[in-house]
Amino acid sequence: MSDLTLQAENLHSWRGDRHVLRGVSFALQSRECLQVTGPNGTGKTTLLRTLAGLAHPEEGEIRWRGQGIRGDLRAFQADLAYIGHEAPLKPDLSATENLRFWIGVRRRLGPEEIASTLNRVGAAHWGDRPVRTLSAGQKRRVTLAGLMLTRAPLWLLDEPTTNLDTAGQRLVAEMIEEHLATGGLVVAAVHHELPRGASLVHRLELAA
């Protein structure tokens, strides 16, 4: 995953008559992480959705590997994993089944890989339970397993430590460290600093 770059240049977005993103610019390359902070309503989620190609900025451009993402949006989105506030899980399926279908549309994976990843995030004991029976923190750990299984070089994370206990928060920091060490990039929107251990090379604070 070497020689990867993500650039945002002069992004402006409005929500109704509200100017949410005001000239946001940054540049990241392999092994770098951007921590985005700011009060509620300052555009953290809007920025992540825009970076993921799910929302269009009224002005500005996003470039991946030096090319505008709109040129081949499908290829760009194949290179990213976006984790929002809500876990992308179907309530009536088990954790294992969710991962099999969620990740299976992206790449082939076997039951051993799913089981080992669930174990890595501390979710092995409830892998066969329907997701609707899991707590919010347990669902978040299953979502983190899915994030790891995507093997996407670019991670876009919206409040990744939500509903996690102290051990879970440390897990997120370790996952980010490992992803960066293999050449990945991370943009994480957070209310508070991520736990110590996460290499935060850049910081961006959005103002109200």
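Reader: Which residue in β8 does Q35 stand opposite?

Author: That would be A188. Keep in mind this is a predicted model.

Reader: Ok, and how many bridges join β3 to β8?

Author: Four. β3 covers residues 33-37 and β8 covers residues 185-189, and the two run parallel.

Reader: What's the strand order in the whole sheet?

Author: Going across, β6-β7-β8-β3-β9. That's five strands in an open sheet, with parallel pairing.

Reader: Why is one side of β6 and of β9 left without a neighbour in the sheet?

Author: Because β6 (80-83) and β9 (202-205) stand at the edges, and each has a single partner strand.

Reader: By how many degrees are neighbouring strands turned against each other?

Author: On average 10 degrees, ignoring direction.

Reader: Which strands does α1 touch?

Author: Helix α1, residues 44-51, packs on the sheet and touches β3, β6, β7, β8 and β9. Its direction makes about 155 degrees with that of β7 (154-158).

Reader: Switching to helices. At what angle do α3 and α5 pack?

Author: About 30 degrees, with the axes 10 Å apart. α3 is residues 95-104 and α5 is residues 136-150.

Reader: Is that crossing left-handed or right-handed?

Author: The crossing of α3 and α5 is right-handed.

Reader: And which residues of α3 make the contact?

Author: A95, L99, W102 and I103. On the α5 side, the contact residues include V142, L147 and L149.

Reader: How do the contact residues divide into nonpolar, polar and charged?

Author: For α3 with α5, eight are nonpolar, three are polar and none are charged.

Key: Residues are numbered from 1 along each chain as its sequence is written. This is a predicted model: local features need pLDDT of at least 70, side-chain atom pairs count only at pLDDT 80 or more; totals for chains, interfaces and linings use all residues. Side-chain values use heavy atoms; hydrogens and water are left out. Two strands pair if DSSP finds at least two bridges between them. Axes are lines fitted to C-alpha atoms, for helices over the stretch in contact, and angles run from 0 to 180 degrees between N-to-C directions. Contact means heavy atoms within 4.5 Å. A crossing is left-handed if the near helix is turned anticlockwise from the far one by less than a right angle, and right-handed if clockwise. Ala, Val, Leu, Ile, Met, Phe, Trp, Tyr, Cys and Pro count as nonpolar, Asp, Glu, Lys and Arg as charged, and the others, Gly among them, as polar.
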